[in-house]
Amino acid sequence: MAEIYYDDDADLSLIQAKKVAVIGYGSQGHAHALNLRDSGVDVRIGLQPGSKSTAKAEDEGFKVLTPADAAAEADVIVILAPDQHQRGLYANELAPHITPGKTLVFGHGFNIRFGYIEVPEGVDVVLVAPKAPGHTVRREYVAGRGIPDIIAVEQDASGQAWEITKSYAKAIGGTRAGVIKTTFTEETETDLFGEQAVLCGGVSQLVQYGFETLTEAGYQGEIAYFEVLHELKLIVDLMWEGGIAKQRWSVSDTAEYGDYVSGPRVIDPSVKQHMQEVLADIQNGNFAKRFIADQDAGAPEFLALREKGAAHPIEKTGQALRSHFSWKQQDADYTDGSAAR
């Protein structure tokens with residue numbers, strides 16, 4: 001059974017006694033920073049000169065410094081920049097200020113697990129990963145609730161790393177819901193696998209194949225869109241509320257019977273074998289090497305794949321259909337090319 005910690009298991013005063021630098025002010029960065037401050041923690045923000053996030057952080061009342069200056073004056077440095085940028089950020093700006101006695105916090109274990117960042121002895125290296133987007137982490141904290149976190153310690157130089165980690169998790173609201181003890185390896189490998197095989201890669205490919213199967217058989221694209229994409233949220237919401245069992249209890253008998261007899265025909269044992277191959281590529285570092293090498297080269301494969309995905313017929317069909325929906329549309333946020341990522 002997983003080891004789970006709650007509010008009574010964490011001493012908030014430990015992180016309150018530290019100066020914290022949050023490096024990055026994106027989805028997770030802003031949520032961590034605001035929740036920490038509201039929990040009585042001394043927080044400053046580290047951003048590159050000219051960052052679009054500077055004005056936002058300053059408007060919230062934070063002192064904004066360069067990443068190097070923020071790390072220099074902090075006891076706890078929280079790296080929440082994108083995975084592909086962390087290595088360069090650490091080597092070029094943070095490393096001189098990651099000195100014995102300090103704590104380095106990550107929101108994802110990628111760079112530690114695959115060796116892109118090597119931290120010197122004498123520094124605590126820990127993980128605090130809320131299992132929700134940053135805006136949800138912030139919203140739930142403000143509402144007096146919390147989002148479950150997973151926490152880990154890779155290097156316990158002080159002998160107090162676990163206690164500091166739990167204190168940090170409490171300050172961002174995680175212990176209100178419960179924080180689960182894990183390792184950097186388990187968090188990184190399972191997170192990448194879930195994204196690639198199920199949540200992002202698996203679902204996206206399944207939806208596209210379903211759309212293609214129906215339209216190639218002569219059915220209208222608009223009808224296909226509703227049947228394989230639009231209604232997916234309804235099913236996922238039911239799963240989120242009560243697992244697969246609630247989804248099957250909630251749908252019609254026809255749908256439930258089709259689940260049992262047709263699901264295994266589409267997602268057959270070969271799919272599990274391919275999933276195992278994906279997991280192996282994550283475990284042996286091949287995926288990380290491919291991703292970082294492509295990013296270092298200017299991301300030609302990544303950008304080509306993004307362009308190919310955006311050109312799929314389901315996207316044009318969906319954009320036209322969503323324009324008729326009564327709720328506010330936000331397609332321009334990600335289709336005009338100007339949105340910050």
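Reader: So a helix here is a DSSP run of H or I, at least four residues long, numbered from the N terminus. With that in hand, which helix does A33 lie in?

Author: A33 lies in helix α2. Keep in mind as we go that this is a predicted model.

Reader: Got it. Is A33 buried or exposed?

Author: Buried means under 20% relative accessible area. A33 has a relative accessible area of 0%, so A33 is buried.

Reader: And what is A33 in contact with, leaving aside its neighbours within four places in sequence?

Author: With those neighbours left out, A33 touches V22, Y25, V43, I45 and F62. Take V43 from that list: A33 and V43 sit 10 residues apart in sequence, and their C-alpha atoms are 6.6 Å apart in space.

Reader: Let's go to the strands. How many residues of β2 are buried?

Author: Four of the five residues in β2 (19-23) are buried, which leaves the strand mostly covered.

Reader: Which strands do bridges join to β2?

Author: One is β3 (residues 42-46), joined to β2 by five bridges and running parallel to it. In that pairing, V20 stands opposite V43 of β3. To get from β2 to β3, the chain passes through helix α2 (residues 27-38), and this β-α-β crossover is right-handed. Another is β5 (residues 76-79), also parallel to β2, with four bridges between them. There, A21 stands opposite I77 of β5.

Reader: What's the strand order in the sheet?

Author: The sheet is open and has nine strands, in the order β1-β9-β8-β7-β6-β5-β2-β3-β4, with mixed pairing. Its edge strands are β1 (4-5) and β4 (64-65), and each of these pairs on one side only.

Reader: How many bridges hold β4 to β3?

Author: Two bridges, with β3 and β4 in the parallel sense. In this pair, I45 stands opposite V64 of β4. There's also a helix on the sheet: α5 (residues 83-94) packs there and touches β2, β5 and β6 (103-106). The direction of α5 makes about 145° with that of β5.

Reader: And β7, how many of its residues are buried?

Author: Seven of the seven residues in β7 (124-130) are buried. Both faces are covered, with D124, V126, V128 and P130 on one side and V125, L127 and A129 on the other.

Reader: Change of topic: where does E140 lie?

Author: E140 lies in helix α7, residues 134-142. Its relative accessibility is 11%, so E140 counts as buried. Leaving aside neighbours within four places in sequence, E140 is in contact with R145, G146, I147 and R176.

Reader: Which other residues of α7 are buried?

Author: Besides E140, they are G134, T136, V137, R138 and Y141. The cover over the buried residues of α7 includes α2, β7, α8 (161-171) and α9 (174-177). Just after α7, G144 takes a positive phi of about 85°.

Reader: Which residue other than glycine has a positive phi?

Author: A299 is one, with phi near 65°. For background, most residues other than glycine have a negative phi. A299 sits in the loop between α16 (286-296) and α17 (300-310). Its relative accessible area is 7%, so A299 is buried.

Reader: Last one. At roughly what angle do α12 and α18 cross?

Author: The axes of α12 (residues 221-230) and α18 (residues 313-322) cross at roughly 90° and come within 10 Å. That angle is why α12 is described as roughly perpendicular to α18.

Reader: Which residues make that contact?

Author: From α12, G221, E222, Y225, F226 and L229; from α18, I314, T317, G318, L321 and R322. By class, the contact has five nonpolar, three polar and two charged residues.

Note on methods. Residues numbered from 1 in each chain as written. Predicted model: local features only at pLDDT ≥ 70, side-chain atom pairs only at ≥ 80, totals over all residues. Heavy atoms only, no water. Buried < 20%, exposed > 50% of the residue type's maximum accessible area, 1.4 Å probe, protein only. Pairing = 2+ DSSP bridges. Right-handed = clockwise from strand over helix to strand, strands pointing away. Axes fitted to C-alpha atoms, helices over the stretch in contact; angles between N-to-C directions. Parallel < 35°, antiparallel > 145°, perpendicular 65-115°, else oblique. Contact = heavy atoms within 4.5 Å. Nonpolar A, V, L, I, M, F, W, Y, C, P; charged D, E, K, R; others polar.
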